[in-house]
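Dear colleague,

Please read them alongside the coordinates.

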Amino acid sequence: MIDLQVQDKTHDEARQGEALILETPIKADARKLYIESYGCAMNFADSEIVASILSETGFETTGDYHQADVIFINTCSIRENAETRVRNRLSQFGVEKRRNPKLIVGVLGCMAERLKSKFLEEERLVDVVVGPDAYRDLPNLIEQVESGHKAVNVLLSREETYADISPVRLNSNGITAFISITRGCNNMCSFCVVPFTRGRERSRDAHSIIAEAKSLFEAGYREVTLLGQNVDSYTWTSEDGLETVNFAQLLAQTALINPDLRVRFSTSHPKDITDEVLYTIAKYDNICNYIHLPVQSGNSRILELMNRTYTREWYINRIDAIKNIIPGCAISTDIIAGFCTETEEEHQDTLSMLDYVKYDFAYNFTYSERPGTLAARKLEDDIPEEIKKRRLAEILAKQQAHSLLRLQEWVGKTIRVLVEGTSKKSDQDYCGRGDSGAMAIFPAIDGVKPGQYANVLIEKCTSATLIGRIV
């Protein structure tokens with residue numbers, strides 16, 4: 001499969017609904033593909049797989065859906081606002097479809113599996129619905145639509161990992177890339193739809209992961225992020241049963257490709273992250289000292305209702321282990337405010353967890369009931385919205401203070417930064433990330449280019465950015 005290099009944009013909330021564009025040679029007879037992605041980094045990585053599959057059947061991407069022959073939205077079902085945005089976009093695409101009846105509109109990903117009947121039959125918003133395990137079938141499904149039929153494939157697989165497909169690198173600067181190592185999830189958290197939309201967890205062939213990472217390094221990439229809903233439970237066994245690789249071993253194998261290949265990973269689960277993984281991170285300088293460890297709540301009763309399978313005490317034990325084995329390791333988290341039956345005292349437990357850990361940053365949300373989940377079936381969403389919002393505001397205020405505190409600790413220190421490109425605000429400045437993942441801004445100088453490492457003296461910071469100069 002081809003592996004194209006294009007401009008980079010970080011996978012964050014600002015990317016929601018971003019159009020995917022490949023800078024490929026324009027062919028007169030090429031069909032035009034428009035893809036928007038919503039949700040987590042896994043969805044953006046999946047869009048790369050879709051683009052790779054369809055590029056082999058003659059599709060080129062466009063950033064203007066008015067020019068498209070096929071429009072896909074790669075969707076997320078984690079939060080209600082993501083679904084609302086997708087529905088609004090589908091309505092807009094429907095206007096274009098009335099202007100151009102030959103236009104094909106499709107929904108990919110997590111919402112596709114959960115809302116297939118609504119999209120195809122009740123609301124008649126789309127022509128094709130494809131789940132996250134069925135992207136290989138896209139060329140056939142598009143042909144079905146072109147012959148006058150609706151098309152759907154949302155079958156979940158226990159085997160599909162797309163291990164043999166080299167994803168095109170969408171919106172990539174040729175420096176950082178994502179590598180999917182698992183698909184699906186076996187953790188039945190009561191608030192989460194992922195096990196129902198992405199299926200059971202399966203681990204990708206370790207050799208294919210290492211081969212992809214090596215290929216990326218040889219192509220000039222200098223940072224890879226190993227992706228999975230729960231990377232710590234990664235376990236791959238060869239067909240002959242003679243070789244088994246766990247996550248700590250996979251991390252080590254990736255780090256050994258080259259000392260100049262920086263390695264990140266996301267996401268970890270508190271019940272599965274082991275001391276073996278922590279010691280592996282500590283052993284290799286090119287494995288970043290940064291761990292995303294979602295806590296969701298600081299109260300054990302709420303954690304039990306969430307079916308997180310760990311207690312407050314267990315989580316604190318893992319935090320203590322990280323800080324002891326990897327001193328100075330950056331830690332981030334996810335928090336849900338106002339989960340079912342959460343009392344004020346239990347909310348205070350979450351605030352006290354923030355004080356205990358002092359996270360570098362956090363993704364914080366109010367609880368949003370998702371249809372089909374255990375919580376939706378068995379628990380009442382009984383916390384009023386105004387209380388949810390007030391609790392979230394308290395979490396955000398505390399976290400903002402902690403984020404500033406953590407960044408201030410870097411002032412006066414020199415850190416090794418991977419230069420990713422020019423700053424959004426000035427082409428006279430470079431931007432890049434240190435080991436902790438914090439973004440640094442510093443004046444560009446001759447002799448240092450994107451894709452290279454630079455030692456940057458941090459002279460000051462804002463609440464979100466380090467500011468310094470190359471030394």
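Is Cys 40 buried, partly exposed or exposed? With a relative accessible area of 35%, Cys 40 is partly exposed, where buried means under 20% relative accessible area, exposed over 50%, and partly exposed in between (1.4 Å probe, protein chains only). Please bear in mind that this is a predicted model, in which local features need pLDDT of at least 70 and side-chain atom pairs count only at pLDDT 80 or more, while totals for chains, interfaces and linings use all residues. Residues are numbered from 1 along each chain as its sequence is written, and side-chain values use heavy atoms, with hydrogens and water left out.

Cys 40 sits in the loop between strand E2 (31–37) and helix H1 (41–55); helices (H or I, at least four residues) and strands (E, at least two) are DSSP runs, numbered from the N terminus. The unreviewed UniProt entry annotates Cys 40, Cys 76 and Cys 110 as "binding site", and such annotations may be inferred rather than shown by experiment. Cys 76, in the loop between strand E4 (70–75) and helix H2 (80–99), counts as buried at 7% relative accessibility.

Elsewhere, 3 strands form an open sheet with parallel pairing in the order E8-E11-E14, two strands being paired if DSSP finds at least two bridges between them. Strand E8 (176–180) and strand E14 (262–266) are the edge strands, each pairing on one side only.

Best wishes
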